[in-house]
Amino acid sequence: MVAMNNFQMYRHIMSPGWTLGWTWAKKEVIWSMVGAQTTDQGDCTKFKGNIPHCCKKTPTVVDLLPGVPYNQQIANCCKGGVVASYGQDPAGAVSAFQVSVGLSGTSNKTVKLPKNFTLLGPGPGYTCGPAKIVPSTLFWTPDHRRKTQALMTWKVTCTYSQILASKHPSCCVSFSSFYNDTIIPCQSCSCGCENKNCIESDSDQITMPGINTPSKDNSPLLQCTHHMCPVRVHWHVKINYKEYWRAKIAITNFNYRMNYTQWTLVVQHPNLDNVTEVFSFEYKPLLPYPSINDTGMFYGMKFYNDLLMEAGTYGNVQSELLLKKDANTFTFKQGWAFPRKVYFNGDECMLPLPDVYPHLPNSSPVSSGLGFHSFATALLALLLLTVW
């Protein structure tokens, strides 16, 4: 039995799903599998009669698709390789399959651990360590009166690196605010401009049949933009109240061949320690350190906006959040109201340069009571003029 647990809080494995590989230590073969399959049977000509499922020294395993017959399923299988992030859906953050191995030995002395584990999720980025023997897994009978244990259990830990996955970011961030008319766009070529396949938003190609069909190599087809990113996150400082302030978040998909299921957005901002309400996204604070509460995860409401559609009319999701001010820290000066870091689906997005953030007009005060103080000052001046 092989179980894959995703302990990443905000990075899931999306379609077309995971691919797991390893190298057998001896001359093992796979007789049968339940809940998954290998992509290549290999050379099984030395077997007569009962033919193994796979004879390759380095098998490559993928998950089965939903809807396979029940006799090919086990618990937590058959999701097309999609594994939810632990922070979003702990119950869906596991995938499992069963494999029957031959020519491997019959005791914990003769069974040898596989090596050179690889994981694609769905693309590169994961690095797997060696298999390590751990205490054998225990199995309880349905009445919980008897337990048995596995012959052997080993674990493999795979870690994700965005640098290994791609030399460029996969998303960018733009800013705007109510106190400045300037919209700060994503940086040019935020996600790299070389070797990018793109079409203009007004091109006739958009209406061609099959334009949204994914390619075999999963390469994107982007809408032509100056940033050339598949995804843009826009943060707008919308309204200033006396004790609260409001921001709007919009996520736009510029990839015509990809929709994002179970997407996640992680934002780091000092005022996330006092979130009053999030209006149309789910929200969960992330607390890497008990004393620091400045990071939170946003994700879509199930069956409402948990699917970010491909580029086009419906290729965006948006929400607003209301935050309570802290008189000791709140300010609109020096870009304080904008996030420090933004991650989409676990990958860090490119932020604008700090010196171009929307700034307060020179004539405006920079206190937390911006709107009220300006109005009071103007009214006082009017009264003085009238009395004089």
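This report describes the fold of one protein chain and some of its residues.

The structure is a predicted model, in which local features need pLDDT of at least 70 and side-chain atom pairs count only at pLDDT 80 or more, while totals for chains, interfaces and linings use all residues. Residues are numbered from 1 along each chain as its sequence is written, and side-chain values use heavy atoms, with hydrogens and water left out.

## The chain as a whole

The protein chain contains two helices and 28 strands. Both kinds of element are DSSP runs numbered from the N terminus: helices are H or I with at least four residues, and strands are E with at least two.

The radius of gyration of the protein chain is 27 Å, whereas a compact globule of 388 residues would have a value near 21 Å. This radius is taken over C-alpha atoms, and the globule rule is 2.2 Å times the number of residues to the power 0.38. Along the principal axes, the C-alpha atoms fill a box of roughly 110 × 60 × 35 Å.

Of the 388 residues, 41% are buried. A residue is called buried under 20% relative accessible area, exposed over 50%, and partly exposed in between (1.4 Å probe, protein chains only). The accessible surface of the protein chain is about 21700 Å², and carbon and sulfur atoms supply 56% of this area. Accessible areas come from the Shrake-Rupley method with a 1.4 Å probe; for residues, only the protein chains shown count as cover.

Contact means heavy atoms within 4.5 Å. Among the contacts with a separation of 6 or more, 69% involve residues 24 or more positions apart.

The chain carries 32 positive and 24 negative side chains, and the centres of these two sets are 13 Å apart. Lys and Arg count as positive, Asp and Glu as negative, and His and the chain ends are not counted. Each charge is placed at NZ of Lys, CZ of Arg, CG of Asp or CD of Glu.

Strands of a sheet pair through backbone hydrogen bonds, either parallel or antiparallel. Here two strands are said to pair if DSSP finds at least two bridges between them.

Strand β19 covers residues 244-253, and eight of its 10 residues are buried. Nine bridges link β19 to strand β18 (residues 231-240) in the antiparallel sense, and a hairpin of three residues connects β18 to β19. Nine bridges also link β19 to strand β26 (residues 316-324), again antiparallel. Ile 251 takes part in both pairings: Ile 251 of β19 is the bridge partner of Val 233, and Ile 251 also stands opposite Val 317 in β26.

## An open sheet of five strands

A five-stranded open sheet has the order β23-β24-β21-β27-β28, with antiparallel pairing. Strands β23 (282-286) and β28 (347-348) are at the edges with a single partner strand each, so one side of each has no neighbour in the sheet. Within this sheet, β21 (residues 264-268) and β24 (residues 295-299) are joined by five antiparallel bridges, and Val 266 stands opposite Met 297 in β24.

Tyr 343 belongs to strand β27 (residues 341-344). Tyr 343 is buried because its relative accessible area is 18%. Apart from neighbours within four places in sequence, Tyr 343 contacts Tyr 10, Thr 264, Leu 265, Val 266, Glu 348 and Cys 349. Tyr 10 is 333 residues away along the chain, yet the C-alpha atoms of Tyr 343 and Tyr 10 are 8.8 Å apart.

## Loops and backbone features

Thr 225 is located in the loop between β17 (222-223) and β18. Thr 225 counts as buried because its relative accessibility is 18%. The C-alpha atoms of Thr 225 and Glu 200, which are 25 residues apart along the chain, are separated by 8.2 Å.

Two cis peptide bonds are described next. One joins Ser 15 and Pro 16, and Pro 16 lies in the loop between β1 (2-5) and β2 (19-23). Another joins Gly 121 and Pro 122, and Pro 122 lies in the loop between β7 (115-120) and β8 (126-128).

Asn 116 and His 144 have positive phi angles although neither is a glycine. Asn 116 is in strand β7, whereas His 144 is in the loop between β10 (138-140) and β11 (147-149). The table gives the angles of these features.

| Residue or bond | Angle |
|---|---|
| Ser 15 – Pro 16 | omega about 10 degrees |
| Gly 121 – Pro 122 | omega about -15 degrees |

Asn 116 is exposed because its relative accessibility is 54%. His 144 is likewise exposed, with a relative accessible area of 57%.
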